[in-house]
Amino acid sequence: MAMEITSILLAAQSQDGQIRTVAEGNLKQFQEQNLPHFLLALSIELSNEQKPPESRRLAGILLKNSLDAKDSIRKEELAQKWISVDLTIKFQVKESLLKTLGSSVSEARRTSSQVIAKVASIEIPRREWQDLIAKLLNNMTQKDSLPSLKEATLETLGYVCEEISPEDLEQDQVNAILTAVVQGMNQMEHSFEVRLAGIKALYNALDFAQTNFQNEIERNYLMKVVCETAVSKESNVRQAAFECLVSIASTYYELLGPYMETLFNLTASAVRGDEEPVALQAIEFWSTICDEEITIQEEHAGPADGSSSQHYRFIEKALPLLVPMLLETLLKQEEDQDQDDNIWNLSMAGGTCLGLVARNVGDAVVPLVMPFVQDNITKADWRNREAATFAFGSILEGPSVETLLPLVHAGLNFLLNAMKDQNTHVKDTTAWALGRIFEILHSPSSTYAVITNANLPQIMSVLLESIRDVPNVAEKVCGAIYFLVQGYEDDGSASSVLTPYLADAISALLSTADRMDTNNSRLRASAYETVNEIVRCSSQPESLNMIAHLMHEIMKRLSQTLELQISSSEDKENQSDLQALLCGVLQVIIQKLSSSDAKSVILQSADQMMILFLRVFGCRSSSVHEEAMLAIGALAYATGPEFAKYMPEFYNYLEMGLQNFEEYQVCSISVGVVGDICRALDEKILPFCNGIMSALLKDLSNSMLHRSVKPPIFSCFGDIALAIGEQFEKYLPYAVSMLQGAAGLCTYLDVNDEDMVDYGNQLRRGIFEAYSGILQGFKNSKAELLVPYASQLLQFTEAVFKDKNRDEGVTRAAVAMLGDLADTLGPNTKLLFRDCTFHSDFLGECFESDDEQLKETATWTQGMIRRVLVS
Amino acid sequence: MADEEAALSPPLSHRRDPIKSSVHNTAAHRRRQQAIAVGKERRESLIRAKRLCRDTVIDGSESPFEGDMIIDEEKEALDSKTSQTVLELKSAIAFQGKGATQKKVEILRVLRRLLSQSEVPPIEAALQAGAVPLLVQCLSFGSSDEQLLEAAWCLTNIAAGEPEHTKSLLPSLPMLIAHLGEKSSTPVAEQCAWAVGNVAGEGEELRNILLAQGALFPLARLMMSNKGSTSRTSSWALSNLIKGPDPKAANELIRVDGLLDAIVWHLKKADDELATEVAWVIVYLSALSEKATSLLVKSDVVRLLVGRLVASESLQMLIPVLRSLGNLVASDSYMIDVVLIVGHTITDELLSGLIKCLKSEHRVLKKEASWVLSNIAAGSLEHKRLIYSSEATPLLINFLSSAPFDIRKEAAFTLGNLCVAPPKNNEQPGIIVVHLVSLIDSGCLPGFLNLIRSADIESARLGLQFLELVMRGLPNGEGPKLVEREDGIEAMERFQFHENEEMRNMANTLVDKYFGEDYGLE
């Protein structure tokens, strides 16, 4: 057998496709027919020093894939299979793995340490393999252990800590791990590889060290070791040490006080003199401190619930030294850095950190930054001018409007002129800074408006001029226009001030979108998104003609995409991206016009648009699916019952969208579109309901579908029931069983996991919306069908009422559903409502709320319940 | 196998989003979120509209929550908006320039929406601002259909309010009735019928005024319309109009040419909603007009009513159908003698329809069906046998012991009738001994004794009559003994000094006759 598997493993990596396929089939068969021996054979292969590295490599990968998967359900299945393997075989496999840590082949060692961690993640929470840690520590203490074994052992410890959670280990095990790890970091004794593995293992073990960090002596020791490691002679060890410090900053913020001076010196010298990857982590340390303190400030600003952490104001205290250090980094730009949207270098990290500092301390940052701005902004070297502008732009969020406005008033003209600077980097950053000013400070109704009737012509003329600059500058200009327009959104009267410029702006943006001098799709996307913002914020009815005109132009462009020559996957992608953007513009236009008196503009072109969308669907691409779906949802709302004529053709694509569980955003948006169509068509949607309901029910039972789609599906049940009324009867048992299942699931979600709490709330809200729709749908006939569910529904509502993580959205949906229940079932629910008393407490809570709509709903519900109680 | 090589080493480097980023990422995300949020908002507003447009919530006087204050504030805002709108209407009427008509219609529409908006519509505010005379002006001849429709709609909403609100429509009635006429467009006529129906529903006084102003004939004509909603609304308005108690209107209505045909036609073809309203018209015709009854029983109406009774499950529909049938059976012997002959299909169908109603959950249906049955049970020997041997008897026996009082009484009437032979030449009614014995065996006596103890004279009389049957009719003189065992004597002695002479005599005579000096001596 052993011989055989070697050759199969090698064959599975053959260049010859046929040989490979056969070998893969054999392996799969082996796995399915005899998993225990398959695992054993693989582990023996991995541990056997006589075997070729290639077969050992694949053996390791297959082992790992037999124990772990990305999908959580599959992962659980694999864990169950491993658990059911015979104990002696499991023992042999684990021994082989531990043995492999001593291999001379580094790849085998690494694979083995990862597989050990996977096995540990299954077994240790079950209180099995309790001697693992001891065995690993033994490797560290044995005098004759090779450095390679120590390195592999430390790596294994790191991975194990990453895989399991702190409560799975006893404190003495944690202590032993930390001791081993810290010893491994000893400069004197160990090689570079061992020390690197040690510091990385410490990084993973930090979460386990809660108790140790609470103890001052142990904490002092751990901090000393990490700080010493941060000045090791090898840069990747130093980098790993700073990564540890970053993690300590977020995990043990409240314990850092005594070390801050040391840490400042350490980070400052790294920022000033170390290699970039190390310096970046040193800056990251301060950004992380900012994150912590901003979170604490937000908690303090919110309702005092007693759980707020203490604010040590480390940033405020370090400010006079920290800010100059960050300002220095701004001068360390790279040439051509503006070409890449995701650039991450010293200057970018420094500016980002400076922005966080400004949000953290507010006004106090301004006097420390402004002299730097004034000194540098007129200097001859572009680096000085760019850094000055970047510094100014970075501190616009945080300080008070009163402090910033005089500076902005004084500097705005300068910035507008700087859009003609001879250096592109300077222009790029200037346009970005203008955008930040508009985003944060521009509000036409405030007393000291940044943009006035007097300077608006100049601003617009500079922006429309600069949008023709090089692509990266043009892109930042799009952003500036975007935020400028957005500032006028809620200001009906002032937006007409803007109206005269909009047609020119749109035409400039459309030309920008057409530019051929860049292959970067960012510019095009920014241009179209800015067009969207103009449409969204424009004032009616004066912009109506302009938007109607734009609509026809975009339709023309969309139809042109259908004619594009497609000869490569790149062409295909380009076509899809463009279609997505254009569908996006149409969606915004439809939405804008359908809520106005100008709906007729949409209705006149509805047929044509729908034909375009259907043809776009014909091109098949998920991103287009998403945007075209959204546009169609908007169109359905605009056309109302007329939409029925598009259904026969559109339905196929809708169904495809609903079935697309792999790309869950598409699925989710399609579900939303079903709701739009229900509202547009009412009972005319009936002929399509069988298909839609089957697809939705299938989605709900699909474990591969991203969970975020499930709450919208429940709400969608409500939409359908509301549209087709009593015709929903045939789906009722299926829908209710899904709803009851989900209601049951809500009680099992982890209340300590914020994401799960959030998901639970979405789920509950979806469930209530479903029942509301169903109750309302059956109100006029067949209400009696729902009587059997009333009692359970009240129990569920009571459980939700008592749930302390319940959010406002859930409250609103729950209270409304109570009213619907009383309204629809009437006297049938009299005894139920009389027997449970929570509803009056629940309503009482709602009347205390500041949310007017909630109070109104609660009042209605109260009336409905009273009517039942006196019936 | 290459694709199975998941990344083996975890990334270990902190990265965050740069402060200087491009706008398109966040913008596109934000736009999509907005598009999705719009859908959610629309869902909420749709369902909110459905909830809040419901019929009025009962006004609980207890627990004045903060919520009520909010309603007060809203109400205030609504009231002032309404007064404002009425004032605008006034100036729009005065204004005669270009676009005046359109302007008026727009204001009327706003007013109409205000008046239909909330649970407590701002009717008072509209009236105080002087809406009615203005609306009457808007109803003047030659106005556009749109204007007429909106004005009539406003008036309909006002008429739906409190009694004094309804009365305030008085000055508008002649115009509303005028627009019921043949020259009006259907929607306008229908809306006016609705307003008139609301007014007619208010009370006898307003009904008489409407009748005097000639509302009956045009409504009857509208009822013959082919348009479902029009004939439904006018049927409803008519049923309100002929409610009586004066039978004059009902007598007049049945004389309208083609009305009976329209009733037959609608019962034959119409949907449940229209048929329901038509059935209500029949209820009042048959309750108030002998002329109408004699025409109805000879028409196809009875067969059609029975058909509806058997086919429908709608409570709304079954109530007027049952009541119509009951009225017809009770007031015209033609029904029993000629129409509902035992052995005819129609009779069996009627009985099965009634049994269905007896089995229903709804108390009203049980009561109405028992009442119809009691009338049929008063018919011929064959009718009695038919009912006796049907599923109805055990149901009625059960009612007698456990149903609410009003149903119990109707059941007792029926059961009593089943035991009495049809009267011949003023003799004391004969007894159908088989029925009587079996009812007694089923334990009916306590039920009737309970009726005797009731404060309701009619029920007590019914109980006494049944007691008399028992004592006279049970073979072997078992009757008096049984009555004594069941505390019947005590029940009868309650009437010894009763203020009602008839009852006193009846009870005393019975006690004397069956428990007099000779009782107990064999």
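Me: At roughly what angle do the axes of helix α8 and helix α9 of chain A cross?
Reply: In this predicted model, helix α8 of chain A covers residues 132-141 and helix α9 of chain A covers residues 147-163. Their axes come within 8 Å, and the angle at which they cross is roughly 150°.

Me: Are α8(A) and α9(A) roughly parallel or roughly antiparallel to each other?
Reply: The axes of α8(A) and α9(A) cross at roughly 150°, and angles over 145 degrees count as roughly antiparallel. The passage of α8(A) by α9(A) is a left-handed crossing. The two helices, α8(A) and α9(A), are therefore roughly antiparallel.

Me: How many nonpolar residues are in the contact of α8(A) with α9(A)?
Reply: On the side of α8(A), the contact is made by Leu132(A), Ile133(A), Leu136(A), Leu137(A), Asn139(A) and Met140(A), while α9(A) brings Leu149(A), Lys150(A), Thr153(A), Leu154(A), Thr156(A), Leu157(A) and Val160(A). Sorted by class, the residues of this contact include three polar and one charged, and the nonpolar ones number nine.

Me: How many of the 17 residues of α9(A) are buried?
Reply: From its first C-alpha to its last, α9(A) reaches 24 Å, close to the 24 Å expected at 1.5 Å a residue. This helix, α9(A), is largely enclosed by the rest of the structure, because the number of its 17 residues that are buried is 14.

Me: Which helices are included in what covers the buried residues of α10(A)?
Reply: Helix α10 of chain A, residues 171-184, has 14 residues and reaches 20 Å between its first and last C-alpha, close to the 20 Å expected. Its buried residues are Gln173(A), Val174(A), Ile177(A), Leu178(A), Ala180(A), Val181(A), Val182(A) and Gly184(A). What covers these buried residues of α10(A) includes, in chain A, α8, α9, α11 (192-205), α12 (210-214) and α13 (216-229).

Me: Are α27(A) and α29(A) roughly parallel or roughly antiparallel to each other?
Reply: The axes of helix α27 (residues 544-561) and helix α29 (residues 599-618), both of chain A, come within 10 Å and cross at roughly 20°. The crossing of α27(A) and α29(A) is left-handed. As angles under 35 degrees count as roughly parallel, the arrangement of α27(A) and α29(A) is therefore roughly parallel.

Me: Which residues of α23(A) do Leu412(A), Asn413(A) and Leu416(A) in α21(A) meet?
Reply: Helix α21 (residues 401-418) and helix α23 (residues 456-466) of chain A pack at an angle of about 30°, with their axes 10 Å apart, and are therefore roughly parallel to each other. The contact of α21(A) with α23(A) has four nonpolar, two polar and no charged residues. The residues of α23(A) that meet Leu412(A), Asn413(A) and Leu416(A) are Gln458(A), Ile459(A) and Val462(A).

Me: Which residue of chain B is in contact with Ser287(A)?
Reply: Ser287(A) has its place in helix α16 (residues 276-301) of chain A, and with a relative accessible area of 2% Ser287(A) is buried. Leaving aside neighbours within four places in sequence, Ser287(A) is in contact with Cys353(A) and Leu356(A) and, from chain B, with Arg16(B).

Me: Which residue of chain B does Ser715(A) touch?
Reply: Ser715(A) lies in helix α34 (residues 710-724) of chain A and counts as buried at 6% relative accessibility. Not counting residues up to four places away in sequence, Ser715(A) touches Gly766(A), Glu769(A) and Ala770(A), and in chain B the residue touched is Arg43(B).

Me: What distance separates the C-alpha atoms of Gly633(A) and Ser670(A)?
Reply: Gly633(A), in helix α30 (residues 622-639) of chain A, counts as buried at 1% relative accessibility. Gly633(A) is in contact with Val673(A) and Asp676(A), leaving aside neighbours within four places in sequence. Gly633(A) and Ser670(A) are 37 residues apart along the chain, and their C-alpha atoms are separated by 8.7 Å.

Notes
Residues numbered from 1 in each chain as written. Chains lettered and ligands numbered in written order. Predicted model: local features only at pLDDT ≥ 70, side-chain atom pairs only at ≥ 80, totals over all residues. Heavy atoms only, no water. Axes fitted to C-alpha atoms, helices over the stretch in contact; angles between N-to-C directions. Helix = DSSP H or I, 4+ residues; strand = E, 2+ residues; numbered from the N terminus. Parallel < 35°, antiparallel > 145°, perpendicular 65-115°, else oblique. Left-handed = near helix turned anticlockwise from the far one by under 90°. Contact = heavy atoms within 4.5 Å. Nonpolar A, V, L, I, M, F, W, Y, C, P; charged D, E, K, R; others polar. Expected span 1.5 Å × (residues − 1). Buried < 20%, exposed > 50% of the residue type's maximum accessible area, 1.4 Å probe, protein only.
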